Amino acid sequence: MHQATSKCLGVRKIAYRTTCCLIVMMMLAACGEQEQVQTYSSPKDSTVAAAPFAPSNIMGAPTMTDAPSDAQAFEWELPDGWEEESGGGPMRFATLTGGIGVTGEAGGTGGTGGTGGTGGEAGSNITVTVARLPSRAGSLLANVNRWRGQMGLAAVGDAGLAELLHPLESGATPGTVVDLLGPAPVDGESKQERMIAAIFKSRDATWFFKARAELDVIAAAEPELMDLFRSVRSVETAQPNPHAHSTSASVEGGSPAIGPLRYEVPEGWRFDPQPRTARLGTLVFNGDSASGDLAITRFPGDVGGELANVNRWRGQLGLSPVADLNQQDVSDIKIGGLAGKSYRFVAAGEGPTRPGIVVASVMRNGQSWFFKMTGPDQLLGNQVENFNSFIASIHFDGN
């Protein structure tokens with residue numbers, strides 16, 4: 001009797017275990033079928049890959065672990081003639097499109113990335129994608145390197161990233177600008193590209209406004225792009241942007257004022273009201289047959305250090321980098337009562353038209369100020385006295 005009872009219990013245990021296994025297998029199969037049906041893809045032009053998903057519960061769909069709760073943290077003002085379409089993909093909040101009138105004349109100087117193109121066909125369009133990503137959907141370095149890869153550029157580390165980030169000056173909301181210049185084409189058919197992106201942080205997400213196009217198209221659209229970026233404001237404050245359709249500098253007593261910076265414009269020079277990426281202001285001057293400009297910029301920190309800055313300027317003229325500052329002519333000067341530096345660079349070759357750069361820099365309150373004059377070397381040589389007069393006139397208000 002005892003043996004029969006034991007055998008019966010054993011059969012029941014086996015049957016129970018078999019039934020459990022069958023139930024688990026059926027549930028796993030059902031879950032697998034559900035996962036095959038519910039797929040999530042990132043749009044072709046999204047900033048990063050789709051955000052990570054939490055493991056799905058056994059009968060429910062996957063849910064986003066860090067989806068932004070601020071459905072629309074920002075609003076903005078479209079330039080005249082622009083259009084906006086909402087959506088466009090899981091990560092795409094909106095697509096902004098504008099028509100620009102490229103006339104074939106010089107498109108201007110292109111911010112930090114390099115010199116603007118020579119113009120394109122009339123009626124060109126520029127597209128800005130607006131992406132809203134969860135705060136933990138990818139680091140800024142990962143996003144920038146993703147963009148660099150799209151542009152055919154090598155990835156950078158943290159030090160290289162710091163040199164690519166520029167504060168959005170005079171915007172309604174604090175933001176960061178990234179300006180990337182693609183490599184020059186070697187096939188003689190394709191055109192060089194440029195990308196400008198503005199980055200804004202909200203409570204739960206990061207917002208990206210990104211434009212990528214051929215060099216001349218970006219150059220022609222740059223004033224409107226910067227107006228757009230500067231107009232971005234928080235919906236919580238909903239205050240109009242006082243800087244929309246204006247430059248980042250104001251004029252006080254006939255002398256342009258940029259934040260705490262005050263200076264006098266040398267005779268023969270003039271302030272250029274056209275906004276330029278990452279620039280606080282631009283002064284332009286002309287020679288007999290050439291022209292040049294002086295860019296005023298300000299960045300947090302030391303932008304990689306003095307040697308890195310020197311080698312970046314040398315690289316812009318095709319000069320090889322130096323191992324230490326003793327290989328570069330450097331002068332100690334005073335800028336606004338503070339200890340500063342002055343540098344002069346000339347491209348290799350002969351002739352008065354070879355390009356040159358003259359830079360004065362100073363550190364103030366943890367920020368680097370640069371006053372960079374570019375143009376043909378002979379013209380810069382003729383403008384040294386005006387440059388020195390400009391530097392001597394600089395002073396800073398407040399702390």
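Modeller: The bend at a residue is the angle between two axes, one fitted to the seven residues ending there and one to the seven starting there. Helices are DSSP runs of H or I with at least four residues, strands are runs of E with at least two, and both are numbered from the N terminus. This is a predicted model, where local features need pLDDT of at least 70, side-chain atom pairs count only at pLDDT 80 or more, and totals for chains, interfaces and linings use all residues. Residues are numbered from 1 along each chain as its sequence is written, and side-chain values use heavy atoms, with hydrogens and water left out.

Biologist: Where does α4 bend, and by how much?

Modeller: The bend is at Glu222, and its angle is about 55 degrees. A proline, Pro223, follows within four residues.

Biologist: What span should α4 have?

Modeller: The expected span of a helix is 1.5 Å times one less than its number of residues. Helix α4 covers residues 215-231, which is 17 residues, so it should span 24 Å. Its end C-alpha atoms are 24 Å apart, which agrees.

Biologist: How many residues of α4 are buried?

Modeller: Buried means under 20% relative accessible area, exposed means over 50%, and partly exposed lies in between (1.4 Å probe, protein chains only). In α4, 14 of the 17 residues are buried, and the helix is mostly covered.

Biologist: Now take Asn145. Which residues does Asn145 touch?

Modeller: Contact means heavy atoms within 4.5 Å. Leaving out residues up to four places away in sequence, Asn145 touches Ala155 and Val156. Asn145 sits in helix α2 (residues 140-150). Its relative accessibility is 17%, so Asn145 counts as buried.

Biologist: Next, charges. How many salt bridges does the structure hold?

Modeller: A salt bridge needs a side-chain nitrogen of Lys or Arg within 4 Å of a carboxyl oxygen of Asp or Glu. The structure holds 10 salt bridges. One of them joins Glu77 and Arg233, with the closest N and O atoms 3.0 Å apart. This pair links distant parts of the chain, 156 residues apart. Glu77 is in the loop between β1 (74-75) and β2 (83-86), and Arg233 is in strand β11 (residues 233-234).

Biologist: Is Arg233 buried or exposed?

Modeller: Arg233 is buried, at 13% relative accessible area. Glu77 is partly exposed, at 26%. A network of salt bridges links Glu75, Glu77 and Arg233.

Biologist: What does Asp377 pair with?

Modeller: Asp377 meets Arg344 in a salt bridge, at 3.0 Å from N to O. Here too, distant parts of the chain are linked: Asp377 lies in helix α6 (residues 377-382) and Arg344 in strand β19 (residues 338-346), 33 residues apart. Asp377 is buried, at 15%, while Arg344 is partly exposed, at 36%.

Biologist: Which residue forms a salt bridge with Lys341?

Modeller: Asp332 does, with the closest N and O atoms 2.7 Å apart. Asp332 is exposed, at 63%. Lys341 is partly exposed, at 28%.

Biologist: Last, the rings. How many aromatic pairs are there?

Modeller: Rings of Phe, Tyr and Trp (its six-membered ring) pair if their centres lie within 6.5 Å; planes under 30 degrees apart are stacked, over 60 edge-to-face, and the rest tilted. The whole structure has 18 aromatic pairs. Among them, Trp313 and Phe370 are edge-to-face, 5.6 Å centre to centre with 80 degrees between the planes. Trp313 is in helix α5 (residues 306-316) and Phe370 in strand β21 (residues 367-376), 57 residues apart. Trp313 is buried, at 4%, and Phe370 is buried, at 6%.

Biologist: Which residues do ring pairs link into a cluster?

Modeller: The cluster holds Tyr263, Trp269, Phe285, Trp369, Phe371, Phe390 and Phe396.
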